[in-house]
Amino acid sequence: MATRRAPTIGIDLGTTNSCVAVLEQGAPVVIHNQEGARTTPSMVAFTDGGVLVGATAKRQAVMNAARTVFGAKRLLGRRFDSPEVQRLRAGLPYPIVRGPTGDAWIRIGERALSPQEISALVLEKMRQIAEDYLGCPVKEAIVTVPAYFDDAQRQATKDAGRIAGLEVRRILNEPTAAALAYGVHKSGHPQKLAVVDLGGGTFDVSILQVEDGVFEVLAIAGDTALGGDDVDRRLVGAFAAAIKHESGADTAADPMALQRLKEAAEKAKHELSETLVSAVNLPFVAQRDGQPVHFQHEIRRRELETLTGDLVAQLEPSCQRALEDARIEPRELDHVILVGGMTRMPAVQQRIEAIFGRPPSKGVNPDEIVAVGAATQSAILEGALREVVLLDVTPHALGIRAEGDRMSVIIPRNCTVPTREHKIFATTQDDQTLVTIEMFQGDEVDVRKNRSLGEFTLGGLPRAGAGEIHVEVAFTVDVDGILHVSAQEMATGRAASIKVSACSGLPPSEVARLAAARKH
C-alpha cells in the first residue's frame, strides 16, 4: 500500500499534558496515542532501561521521583536566577541547576539537561503518535505556546521542535489557536471573543475580533508563572503540614513522598471540581523513627478554595488589562471561551464569570481545543482554508535603554504584526561620536527588569554638543516575530542595523548536534 504524504500537524505542548491533531478531509482530528488516550502526560523518565515518555513515565514516577521530569515547559527560556525558577525549585523531586549560559537546567544523576531536550522528547512522542496514525514520516508542525511567552521562550520551543526532528513552521499563541478552533465555522457575522487559558503552568487571556474570516487579536495579557501546578503545590504543602502535625514526619526532603503527595493532590483537585469532598489515603507515605507513617485525610472544596484564593484572584488583573488594551467593555463580548484543564475548577469559572459579566461558553474541550486550532492554522498555511486570515500581536513591548535605565518603548505591546515603528533620540554628551543601542523586551519601566535582546553600535557621529546630534531608531517585527533594528544619524545618513535572533540559551550549533544525535 502506498504511503501518504503527511500534512503539517498541530501540537499543543502542555505543561501537564500534550495533544496532537491533524487536518483530515478539511476537518481537524485529535489523534489518540498508543494507550488510546487523546492527551499524553508531558512527563519524561530516565531509567536503567532507557527513557520513558508519557503515561509509562507517569506510572513509575513514585519509585523514580528524582529522575522523572514534569513541568519542563515552565523552565523553557528562563534564567536560573529568576524569581520564578527559584520559587519552582522548592518542593520539586528533581533538582534544577544553573546551565552553561545561566539558564535553568535539570540534573538527572550526573548529567544536566536543558528544558529544550526534555521538551523535545515530549514533542518526539507527539510526532511518533502522528506517524503511527498517518502511516508516514512527519516533518512539519505548528506548535502552540502561551501567548505571554517572550522571544527566548518561543525560540526555546522552536529549538525543542528541531531537536525532536520537526520543522516548526509557526509558533502559535494558545488562546489564538483556541479562538481559531472555536470560531472558524462561526465567522459569518462579526463577533468579539475573550479566550481565557489557564493550564498547568501558565495563564493567558486574549481578546479577539472575528469578522469575514479575519481573526484579529486585539490584546494579550497573562502570567507565565501561574497555573495548575501552583494549585498542586498548595495542596502538597497542606498535606505535608498535616503529616508533620500528626506524626512528626518531614516529607519535604523525601522525593518519593513528594511525588506521592503530588499525585494525591492532582487526584483531589480533579475530584473537587465534581464533588464537595475528596478522600486522600496514602499508606506508608513516610517513616518516623523507623516506623511507617500512613496518611488519611478528607479535604473539602471550600478548603481548596481557601488555600488557593489568592491564586484565583491573580486572574483578574490580566483580564482587566487585556480588556483595557483592547478598548472593549465586557458587555461587548459575544463569547468567553475557557481553555486549559484548570478552567474546570468551579472557583475559576465563577471568577471568570464575575470578571466578564457573562457565563463562559460551553461545548468546547479545554484539553483538546488548542491542538485543534493548531491543525486549523496548518490548513491556513497550506492554503486549505483560504477564507481565513489570522492577525496576531506582539505580547510584550519592545524598546531600548534610555537615560536613567529607563525603557523607551519603540513598539508597544499588542501591536499587530508585521509592524514598523521608529523614534528619534538625541546624544547626551558633548563630542559623542558613537551610540550604543541596547534592545529589550518587556513591560517594566526599569529596563533592568526586562529581557535583554542584545546591542549594537552606531559610530562615526560628527562631534557636536550634547543634544545636537539626532539618531532615528527603527524597530521592525515581521510575521514570524523576528525583530530587525536599525539606527541612522539624521544629518549625515550614517546607519547601522542588526537582525535580532532570539536566543533560547542553547547555541545553534548545540541544537544541531542534539538534533543529529536524536536521528541516531
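Biologist: What should I know about the model before reading its features?

Modeller: The model is predicted, so local features need pLDDT of at least 70 and side-chain atom pairs count only at pLDDT 80 or more, while totals for chains, interfaces and linings use all residues. Residues are numbered from 1 along each chain as its sequence is written, and side-chain values use heavy atoms, with hydrogens and water left out.

Biologist: In what order do the four strands of the open sheet stand?

Modeller: Strands are DSSP runs of E with at least two residues, helices are runs of H or I with at least four, and both are numbered from the N terminus; two strands pair if DSSP finds at least two bridges between them. Here the order is β21-β20-β23-β24, with antiparallel pairing. Because β21 (406–411) and β24 (451–458) each have a single partner strand, one side of each is left without a neighbour in the sheet. Between β20 (398–402) and β23 (435–441) there are three bridges, and Ile-400 stands opposite Met-439 in β23.

Biologist: Which helix gives the most to the lining of the largest cavity?

Modeller: On a 1 Å grid over the protein atoms alone, a cavity is a set of points where a 1.4 Å probe fits but cannot get out, and lining residues have an atom within 4 Å of a point. Helix α7 (255–271) gives the most, with four residues, and Lys-262 and Glu-266 are among the residues lining this cavity.

Biologist: How many charged residues line the second largest cavity?

Modeller: Asp, Glu, Lys and Arg count as charged, Ala, Val, Leu, Ile, Met, Phe, Trp, Tyr, Cys and Pro as nonpolar, and the others, Gly among them, as polar. That lining has no charged residues, nine nonpolar and two polar, including Leu-198 and Gly-227.

Terms used. 1 Å grid on protein atoms, 1.4 Å probe; cavity = no way out; pocket = protein on both sides within 12 Å on 5 of 7 lines; lining within 4 Å.
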